[in-house]
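I would like the cut-off behind each term to be stated where the term is used.

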Amino acid sequence: MTYEDILYDETDGVATITINRPDRYNAFRGQTCMDLIDAFHRAGWNKDIGVIVFTGAGDKAFCTGGDQSAHDGQYDGRGLIGLPVEELQRLIREVPKPVIARVNGFAIGGGHVLHVICDLSIASETAIFGQVGPKVGSVDPGFGTAYLARVVGEKRAREIWYLCRKYSAQQALDWGLVNAVVPPEELDQEVRKWCDEILEKSPTALTIAKRSFNADSDNIAGIGALGMQALNLYYDTEESKEGVRAFNEKRKPDFRKYYK
């Protein structure tokens, strides 16, 4: 299959899925999500593949979430909010093999959520983490919030969302948000090392382990589905649209004049 927004490679038991929109800091639009969904299905059910590596093109960004230039109340694809992001998130969790996020730069907004729900995250020292939803009139009301709290704890998760600060790779490591941090020139070598160790293990045992981990938090998908319904309504408000306008106009938003 030919993809428009991603790159796909299979080498020595490892499938690498790369968001290929470096000019947009690997922000995703509707087409990107559709490409990713197809690629994760392709890799996830190929018995010759033992590990999936998920990353972004270039050295500036892993993924910076939804492309605001494709967002005007709704995004530009299918799904409840114009992005099948719920489907993508569930798929990353459901594919029967480990998914490693290779975080090579900014993991911001929806991109931050994607790295969090991967099984493992290995980051470059230059990686930057954080949320921006409340700054641009958005939020991820499911895995991006409730599951994040399981990873870093309630206080840290609320800080990440309420303040929308940016955090270094070392901070992310200290909080348990990533598994390892290495110099950028060693990132590929480190990711390959982790992949090779996983490939030595029983694939069936790994699948059972992954599914048992997921079973404890699968109820968050229901929280997310409910939250996405609310988000769909929120995107139709002037308060939310002010965030998109301000982002595109490169100014501070004034949300409170629309708050009712």
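Helix 7 (residues 187–199) lies across strand 1, strand 2 (14–19), strand 3, strand 5, strand 7 and strand 10, where contact means heavy atoms within 4.5 Å. Helix 7 runs at about 160° to strand 7, the angle being taken between N-to-C directions on a scale from 0 to 180 degrees, with axes that are lines fitted to C-alpha atoms, for helices over the stretch in contact. The helices (H or I, at least four residues) and strands (E, at least two) are DSSP runs, numbered from the N terminus. This is a predicted model, in which local features need pLDDT of at least 70 and side-chain atom pairs count only at pLDDT 80 or more, while totals for chains, interfaces and linings use all residues. Residues are numbered from 1 along each chain as its sequence is written, and side-chain values use heavy atoms, with hydrogens and water left out.

The strands that helix 7 lies across belong to an open sheet of six strands with the order 1-2-3-5-7-10 and mixed pairing, two strands being paired if DSSP finds at least two bridges between them. Its edges are formed by strand 1 (6–11) and strand 10 (180–182), each of which pairs on one side only, and the twist from one strand to the next averages 20°. Within this sheet, strand 3 (residues 51–56) and strand 5 run parallel and are joined by three bridges, with Val99 of strand 5 as the bridge partner of Ile52. Strand 5 also runs parallel to strand 7 (residues 120–124), through four bridges, and here Ala101 stands opposite Ser121 of strand 7. Strand 7 in turn is joined to strand 10 by three bridges, again in a parallel arrangement, and Ile122 stands opposite Ala180 in strand 10.

How many of the residues of strand 5 are buried? Five of the five residues of strand 5 (residues 99–103) are buried, so this strand is largely enclosed by the rest of the structure; buried means under 20% relative accessible area, exposed over 50%, and partly exposed in between, with a 1.4 Å probe and protein chains only. Val99, Ala101 and Val103 point one way from strand 5, whereas Ile100 and Arg102 point the other way, and all are buried.

A further open sheet has four strands in the order 4-6-8-9, with mixed pairing. Strand 4 (61–63) and strand 9 (166–168) stand at its edges with a single partner strand each, so one side of each is left without a neighbour in the sheet. The twist here averages 25° from one strand to the next. Strand 8 (residues 128–130) runs antiparallel to strand 9, to which three bridges join it, and Ile128 stands opposite Ser168 in strand 9.

His112, in helix 3 (residues 110–117), is buried, with a relative accessible area of 2%. Leaving aside residues up to four places away in sequence, His112 touches Cys63, Ala107, Phe129, Gly130, Gln131, Leu148 and Leu177. Of these contacts, Cys63 is itself buried, at 0% relative accessibility. The sulfur of Cys63 is 8.3 Å from the closest cysteine sulfur, in Cys33, which is too far for a bond. Cys118, buried at 5% relative accessibility, has its sulfur 10 Å from the closest cysteine sulfur, in Cys63, again too far for a bond. The structure holds zero disulfides, a disulfide being a pair of cysteine sulfur atoms within 2.5 Å.

The packing of the helices can be followed from helix 2. Helix 2 (residues 85–94) and helix 9 (residues 219–234) pack at an angle of about 170°, with their axes 11 Å apart. The two helices are therefore roughly antiparallel to each other, given that angles under 35 degrees count as roughly parallel, over 145 as roughly antiparallel, 65 to 115 as roughly perpendicular and the rest as oblique. Val85, Glu86 and Arg90 of helix 2 make this contact with Ala221, Gly224, Ala225 and Met228 of helix 9.

The axes of helix 2 and helix 8 (residues 203–215) come within 9 Å and cross at roughly 135°, which makes helix 2 oblique to helix 8. Here the contact is made by Ile92, Arg93 and Glu94 of helix 2 and Lys210, Arg211 and Asn214 of helix 8.
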